[in-house]
Amino acid sequence: MPSGQDYEDWVFTAFPTSSQIDWDTLANTYRDLSAQVISTHLSSGSTGKLETKNSEANHIIWALIYGYRTYFLTSRLLQQFGITPNSLAEFGSGVGPGGLAASQLGTKRVTLLDHSREKLQQSARIYAASGSSSPQIQVADLRTETYSGTPVNMALFSFSLAELSRSIPGNPMRNSLALLSNALEKVSEEGHLLILEAGTKSGAHFVQDLRDNLPGGLEIVGPCASQPKCPMDEPDWCHFTWPISPGSATSRIAARAKRNLDRVHSSWLLIKKTKTKSASKHWRLLEKRPAGKAKIQARCCTPDGLITLTTLKRNKTHYKWWDEVEVGAALRSESSLEKKGDGFRVEPNSKILVLDEHSSPQNKAPT
Ligand SMILES: C[S@@+](CC[C@H](N)C(=O)[O-])C[C@H]1O[C@@H](n2cnc3c(N)ncnc32)[C@H](O)[C@@H]1O
């Protein structure tokens with residue numbers, strides 16, 4: 001899979017005038033945008049609220065920095081779940097970084113929908129620079145229009161559903177469900193719907209509420225661990241933090257803007273349109289962190305609720321194993337764990353497996 005550096009090279013090839021723009025302009029634009037994204041709890045410039053002095057730099061930052069976030073997440077999740085949709089429609093796509101990630105993994109037909117004709121036109125240049133075939137584009141105001149093409153195997157809302165649903169008058173949850181239902185009408189049976197939102201408290205609560213209110217005929221593929229309702233209550237929020245490796249210029253811009261770009265925080269939901277639900281009963285690793293110097297604690301979402309697993313450093317095999325397991329992985333315990341305090345203790349003879357989530361879950365890496 002192409003790297004963050006590849007992605008950056010494609011964006012700079014697509015925006016040839018960028019050589020006219022100096023580093024300070026790009027860094028100042030990124031700093032202004034990111035401050036506005038944080039203060040408005042939005043993740044888009046579409047409402048006209050997120051404006052910067054230099055509009056060309058604004059476009060570059062959206063494609064380069066925010067686009068890379070979507071490119072990385074889409075790519076990671078498609079690979080984790082072993083999904084390569086033959087066709088994909090990206091709603092509120094901007095320059096279409098999610099579709100680009102899918103295309104790099106083998107998706108044949110990508111359609112991008114956005115109300116910004118300018119962003120859609122930029123997408124063609126980025127896709128061309130990457131060697132992907134040109135996406136089909138549909139200029140659409142998604143508050144009132146939806147995808148009008150032939151059915152697809154995957155619909156993707158990347159950092160767009162929460163914002164779209166709030167921009168329509170009325171109840172945001174009802175609006176989101178209506179937007180999803182319109183999109184799902186164009187998703188073929190056994191196809192998927194992926195929603196990416198910021199891993200902030202409000203982004204996560206939006207995704208958690210949505211998950212609890214989904215209509216029938218859908219299976220939640222991830223990240224949830226089979227409970228009827230999300231077990232994560234205030235003040236917690238369900239999100240995943242993953243390290244990223246942006247390209248060198250991207251890192252340089254972030255450093256000048258004094259923003260940290262070595263990890264991405266995201267809340268997401270992968271849904272399958274199906275009549276036959278699988279009975280997989282995994283745990284989902286939400287986070288892991290050292291607790292003092294002598295132990296590591298891993299927090300998991302399980303069919304029985306949230307649990308904390310504690311592993312002592314002297315349990316060398318498991319301690320090292322936790323170091324290697326990535327947050328977001330699906331786990332299963334094949335031995336009963338001893339209850340200790342308000343969590344469970346992982347002992348040297350405990351057996352925890354990482355599940356391979358490709359279509360038929362199989363054991364991958366026994367400890
Ligand atoms: C945060 S950006 C996300 C862009 C892209 N999906 C990504 O992940 O980088 C939100 C996108 O939604 C688009 N958008 C916002 N309101 C829209 C509307 N009413 N109709 C169509 N697109 C809209 C914006 O133009 C913008 O490209």
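Q: In which strand is Val354 found?

A: This is a predicted model. In it, Val354 belongs to strand β15, which covers residues 352-356.

Q: Is Val354 buried or exposed?

A: The count to look at is that of other C-beta atoms within 10 Å, and a residue is buried if there are 20 or more. Val354 has 20 such atoms, so Val354 is buried.

Q: How far apart are the C-alpha atoms of Val354 and Asp233?

A: The two residues stand 121 residues apart along the chain, and their C-alpha atoms are separated by 26 Å.

Q: What share of the residues of the chain count as buried?

A: Of the 367 residues, 41% do.

Q: How many helices and strands does the chain have?

A: The secondary structure consists of 10 helices and 16 strands. The radius of gyration is 21 Å, close to the 21 Å from the globule rule for 367 residues, so the chain is as compact as a globular protein of that length. Along the principal axes, the C-alpha atoms fill a box of roughly 60 × 45 × 40 Å.

Q: Among contacts between residues at least 6 apart in sequence, what percentage join residues at least 24 apart?

A: In this chain the figure is 67%.

Q: How do the axes of helix α1 and helix α5 cross?

A: Two packed helices are described by the angle between their axes and by the distance between the axes. Here helix α1 (residues 4-14) and helix α5 (residues 117-130) have axes that come within 8 Å and cross at roughly 125°. The two helices are therefore oblique to each other. Their crossing is right-handed.

Q: Which residues make the contact of α1 and α5?

A: From α1 come Trp10, Val11, Thr13 and Ala14, and from α5 come Gln122, Arg125, Ile126, Ala129 and Ser130. By class, five of the contact residues are nonpolar, three are polar and one is charged.

Q: At what angle do the axes of helix α3 and helix α4 cross?

A: The axes of α3 (residues 55-80) and α4 (residues 97-105) cross at roughly 40° and come within 7 Å. This angle makes α3 oblique to α4. The crossing of α3 and α4 is right-handed.

Q: Which residues make the contact of α3 and α4?

A: On the α3 side they are Gly67, Tyr68, Thr70, Tyr71, Thr74, Ser75 and Leu78. On the α4 side they are Pro97, Gly98, Leu100, Ala101, Ala102 and Leu105. The contact of α3 with α4 has eight nonpolar residues, five polar residues and no charged residues.

Definitions and conventions:
Residues are numbered from 1 along each chain as its sequence is written. This is a predicted model: local features need pLDDT of at least 70, side-chain atom pairs count only at pLDDT 80 or more; totals for chains, interfaces and linings use all residues. Axes are lines fitted to C-alpha atoms, for helices over the stretch in contact, and angles run from 0 to 180 degrees between N-to-C directions. Helices (H or I, at least four residues) and strands (E, at least two) are DSSP runs, numbered from the N terminus. Angles under 35 degrees count as roughly parallel, over 145 as roughly antiparallel, 65 to 115 as roughly perpendicular and the rest as oblique. A crossing is left-handed if the near helix is turned anticlockwise from the far one by less than a right angle, and right-handed if clockwise. Two residues are in contact if their C-beta atoms, placed from the backbone, lie within 7 Å. Ala, Val, Leu, Ile, Met, Phe, Trp, Tyr, Cys and Pro count as nonpolar, Asp, Glu, Lys and Arg as charged, and the others, Gly among them, as polar. The radius of gyration is taken over C-alpha atoms; the globule rule is 2.2 Å times the number of residues to the power 0.38. A residue is buried if 20 or more other C-beta atoms lie within 10 Å of its own, exposed if 12 or fewer, and partly exposed in between; C-beta atoms are placed from the backbone.
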